[in-house]
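Okay, everyone, let's have a look at today's fold.

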Amino acid sequence: MVRRILVRAVLPLAALVVATPTAAVASPVPSVSATAAAEGLVDIRSVVPDAIVDLRYATSDNFVKQRLYPTNARCLVHSSMVNGLRTAGDRLRSAGYRLVMWDCYRPHSVQVRMYQVVPDPNWVAKPTSYARSHEAGRSVDVTLASSDGRRLDMGTKFDDFSARAHAYATDGISAVAVANRSGLRSAMQAGGLSQYSGEWWHFDGPGAGVERPILQAGLN
Ligand SMILES: [Zn+2]
């Protein structure tokens, strides 16, 4: 009985049947820069119009305690993630939830800077001469909010480097947070986006692990 109430109150993704069209009035999304377009990057707002963009590296509210992105940075993703993110966004919307974007495309120069500040490969991927994952715009860090923007309890903050951040962690994680992680994962996996088991917030698009030439684009 208790469990049924919990699940229903948290994220009834299993009950999803039809996506309800969003009533949100989407204002036109400004075009991305020519450089970003040439790299195949698109603005998340043109993919998931109700996504909340909360880029932590555009503030000092992140693990390096420094702002690493310009304050007007956009959440850019590679076009190979578009279908998957749209599917995930539709599923969540129909259940009364929204995606929150913590990190998207991350320029190589920022990865270098991050590693200078925290030169520990356990915490920060050591920059290489190739782009993959966030540096290729093919991975995102996300969490969930309710339709009114309130963040859901996911058990840890972003960039929590403890075992509690593991996607399938249960020790020290409430049943509600476990269910919320599971709901996020289901929606993302429905779009073919795969969970990184070490961080509940990190999802990879197709080919995210392939080493590619470093992108020249900034965050606009
Ligand atoms: Zn990530």
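So, contacts: among those with a separation of 6 or more in the protein chain, 76% are between residues 24 or more positions apart. A contact here is two residues with C-beta atoms, placed from the backbone, within 7 Å. Bear in mind that this is a predicted model: local features need pLDDT of at least 70, side-chain atom pairs count only at pLDDT 80 or more, and totals for chains, interfaces and linings use all residues. Numbering runs from 1 along each chain as its sequence is written.

The chain has 5 helices and 7 strands (DSSP runs, H or I of at least four residues for helices, E of at least two for strands, numbered from the N terminus).

How much is buried? Of the 220 residues, 39%. Buried means 20 or more other C-beta atoms within 10 Å of the residue's own, exposed means 12 or fewer, partly exposed is in between, and C-beta atoms are placed from the backbone.

Now the largest nonpolar core, with 52 residues: Leu76, Val77 and Met101 touch the most other members. Such a core is a set of buried Ala, Val, Leu, Ile, Met, Phe, Trp, Tyr and Cys residues joined through C-beta atoms within 7 Å. Strand E4 gives the most, 5 residues. Leu76's own contacts, leaving out residues up to four places away in sequence, include Val32, Leu41, Tyr105 and Leu219.

Last, helix H4, residues 108-117: Val110, Gln111 and Met114 are buried. Looking down the H4 axis, the buried residues fall within an arc of 100°, so they line one face (the arc covers directions from the helix axis to the C-beta atoms). Val112 and Gln116, on the other side, are exposed.
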